[in-house]
Amino acid sequence: MQRISLLVGLIPELHQSSSMKNFIVSVFVSLLILPGTGCLKDNSCNAKSVESERTTMTNYATANGLTVTEHSSGFQYQIISAGAGQTPSLTSTVSVRYTGKLMDGTVFDSVTGTPISFSLGQVIPGWQLAVPLIQEGGLIRIILPSSLAYGCTGSGAIPPDAVLFFEIQLVDVQ
């Protein structure tokens, strides 16, 4: 504000017109504030389409001997064992063992001992769609397009736009 007062003081005519002073002060304040707003980085990203990742998913399935079915949402799956217990819903708490891999085979996460429990409605969309395809005791393998996983942002060891493979054993449904 001292700079603005100094600038206003340099123009003698402004001393007689308080509305002109207010106008000049408003202009200077705007010039101080606005430059930062025009240079904001666009942090949005554009999700890849399922179609653009279909070849990657199919090649992974073929290379790994998976006989997959394509879900209407675009992910591919193979039910190894359907299970015989309860079928989970989005409001269910599920206990699972699983392994998650990138398309190059890198394991980015794995729970193979004591199962982990969580609400199915609070995980990535691909899991929300795939896990209800089996019942308690079932085992499913899924290949998720990035749009049903972590999208164009990625997460931790999972890079942006990553197609992912999971093997999921549904241990319990509550």
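I shall take the disulfide and then the salt bridges.

This is a predicted model, in which local features need pLDDT of at least 70, side-chain atom pairs count only at pLDDT 80 or more, and totals for chains, interfaces and linings use all residues. Residues are numbered from 1 along each chain as its sequence is written, and side-chain values use heavy atoms, with hydrogens and water left out.

A search of the whole structure finds one disulfide, meaning a pair of cysteine sulfur atoms within 2.5 Å. Its partners are Cys45 and Cys152, with sulfur atoms 1.7 Å apart. They lie 107 residues apart: Cys45 in the loop between helix 2 and helix 3, Cys152 in the loop between strand 5 and strand 6. Helices (H or I, at least four residues) and strands (E, at least two) are DSSP runs, numbered from the N terminus. The torsion about the S-S bond is about 60°, so this disulfide is right-handed. Cys152 is buried at 17% relative accessible area, whereas Cys45 is partly exposed at 35%. Here buried means under 20%, exposed over 50%, and partly exposed in between, with a 1.4 Å probe and protein chains only.

How many salt bridges does the structure hold? There are two, each defined as a side-chain nitrogen of Lys or Arg within 4 Å of a carboxyl oxygen of Asp or Glu. Glu70 meets Arg54 at 2.8 Å, N to O, and this pair links strand 1 to helix 3. Glu167 pairs with Arg141, the closest N and O atoms being 2.5 Å apart; this pair joins strand 6 to strand 5, 26 residues apart.
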